[in-house]
Amino acid sequence: MTDKRTLFVPAIHCGHCVHTVQNELSEIDGVKFVKADEGTRQVVVEWEAPATLNAIKEKLVEIEYPATQELA
């Protein structure tokens with residue numbers, strides 16, 4: 001089963017940030033799609049097992065781009 005979330009990541013402010021977030025999250029086993037946007041500071045992530053939302057959020061904290069909320 002595939003899951004998808006949009007996360008607000010206020011630390012995204014430039015192209016380098018977008019590149020870093022997309023590359024790091026894409027390396028998580030099970031992540032199928034990542035799209036970060038510097039204008040909205042949102043990250044759309046789609047994944048399936050073995051990836052989890054917690055693993056995605058933990059990776060964002062690890063790379064110093066913590067998600068502050070989940071958006072609808």
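This is a predicted model: local features need pLDDT of at least 70, side-chain atom pairs count only at pLDDT 80 or more; totals for chains, interfaces and linings use all residues.
**Glu 70 and its partner**

With which residue does Glu 70 form a salt bridge? The partner is Lys 57, and the closest N and O atoms of the two residues are 2.9 Å apart.

Glu 70 is partly exposed, at a relative accessible area of 37%. Lys 57 likewise counts as partly exposed, at 29% relative accessibility. Both residues also take part in a network of salt bridges that includes Asp 3 and Arg 5.

Lys 59 forms a salt bridge with Glu 24, for which the closest N and O atoms lie 3.6 Å apart. Here too, distant parts of the chain are linked: Lys 59 is in helix α2 (residues 53–62) and Glu 24 is in helix α1 (residues 15–26), 35 residues apart.

The side chain of Lys 59 also meets that of Glu 62 in a salt bridge, at 3.2 Å from N to O. Both of these residues lie in helix α2, separated by 3 residues, or about one turn of the helix.

**Accessibility around Lys 59**

Lys 59 counts as buried because its relative accessibility is 18%, under the 20% cut-off. Glu 24, at 24%, counts as partly exposed. Glu 62 is exposed, with a relative accessible area of 57%.

**Overall count**

Note on methods: Residues are numbered from 1 along each chain as its sequence is written. Side-chain values use heavy atoms; hydrogens and water are left out. A salt bridge is a side-chain nitrogen of Lys or Arg within 4 Å of a carboxyl oxygen of Asp or Glu. Helices (H or I, at least four residues) and strands (E, at least two) are DSSP runs, numbered from the N terminus. Buried means under 20% relative accessible area, exposed over 50%, partly exposed in between (1.4 Å probe, protein chains only).
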